[in-house]
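Please look over the sequence and the structure shown below before reading on. The paragraphs that follow start from one side chain and then widen the view.

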Amino acid sequence: MKEKVQAVIDEIRPYLQADGGDIELVDVSPDGVVQIRFHGACHGCPSSTMTLQMGIERHVRERVPEVTQVVPV
């Protein structure tokens, strides 16, 4: 499952990099919780929560149905 999630993260990454940010996949737990870390402009950005929930989590869960949640660490 981690490889599938990484592939989706790699698709999303250019959009975040275009705004000066980045995203790193930290881990995927056996129960489907994906841990990510924001970098650059995304780290501490007030919109990062919205980006996470409305963009990243939605996209990852559509492509990898086994994912139950995406959380920042």
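With the side chain of which residue does the side chain of arginine 13 make a polar contact of 2.8 Å? The partner is the side chain of aspartate 22, where a polar contact is a pair of N or O atoms within 3.5 Å, of which, within protein, one must be able to donate a hydrogen and the other to accept it, and where residues adjacent in sequence count only if both atoms are side-chain atoms. This is a predicted model, in which local features need pLDDT of at least 70 and side-chain atom pairs count only at pLDDT 80 or more, while totals for chains, interfaces and linings use all residues. Residues are numbered from 1 along each chain as its sequence is written, and side-chain values use heavy atoms, with hydrogens and water left out.

Arginine 13 lies in helix H1, where helices (H or I, at least four residues) and strands (E, at least two) are DSSP runs numbered from the N terminus. A second polar contact, of 2.9 Å, joins the side chain of arginine 13 to that of aspartate 10. Aspartate 10 and arginine 13 also form a salt bridge, with their closest N and O atoms 2.9 Å apart; a salt bridge is a side-chain nitrogen of Lys or Arg within 4 Å of a carboxyl oxygen of Asp or Glu. Because they are three residues apart in helix H1, aspartate 10 and arginine 13 are separated by about one helical turn. Asp10, Arg13 and Asp22 are linked in a network of salt bridges. If neighbours within four places in sequence are left aside, arginine 13 is in contact with Gln6, Asp22, Ile23 and Glu24, contact meaning heavy atoms within 4.5 Å.

We can now turn to the sheet. Three strands form an open sheet in the order S1-S2-S3, with mixed pairing; two strands pair if DSSP finds at least two bridges between them. Strand S1 (21–28) and strand S3 (69–72) stand at the edges, each with a single partner strand, and therefore one side of each is left without a neighbour in the sheet. From one strand to the next, the twist averages 30 degrees. Strand S2 (residues 33–40) pairs with S3 in the parallel sense over four bridges, and valine 34 has valine 70 in S3 as its bridge partner.

Helix H1 (residues 2–18) packs on this sheet, touching S1 and S2, and its direction makes about 170 degrees with that of S1. Helix H2 (residues 48–63) also packs on the sheet, where it touches S1, S2 and S3, and its direction makes about 145 degrees with that of S3. For such values, axes are lines fitted to C-alpha atoms, for helices over the stretch in contact, and angles run from 0 to 180 degrees between N-to-C directions.

The structure holds seven salt bridges. In one of them, the side chains of lysine 4 and glutamate 66 meet at 3.8 Å, N to O. Lysine 4 lies in helix H1 and glutamate 66 in the loop between H2 and S3, so the pair ties together parts that are 62 residues apart in sequence. Lysine 4, at 47% relative accessibility, counts as partly exposed, because buried means under 20% relative accessible area, exposed over 50%, and partly exposed in between (1.4 Å probe, protein chains only).

Within helix H2, arginine 61 and glutamate 57 lie four residues apart, about one turn of the helix, and their side chains meet in a salt bridge of 3.8 Å, N to O. Arginine 61 is partly exposed, with a relative accessible area of 41%, whereas glutamate 57 is buried, at 15%.
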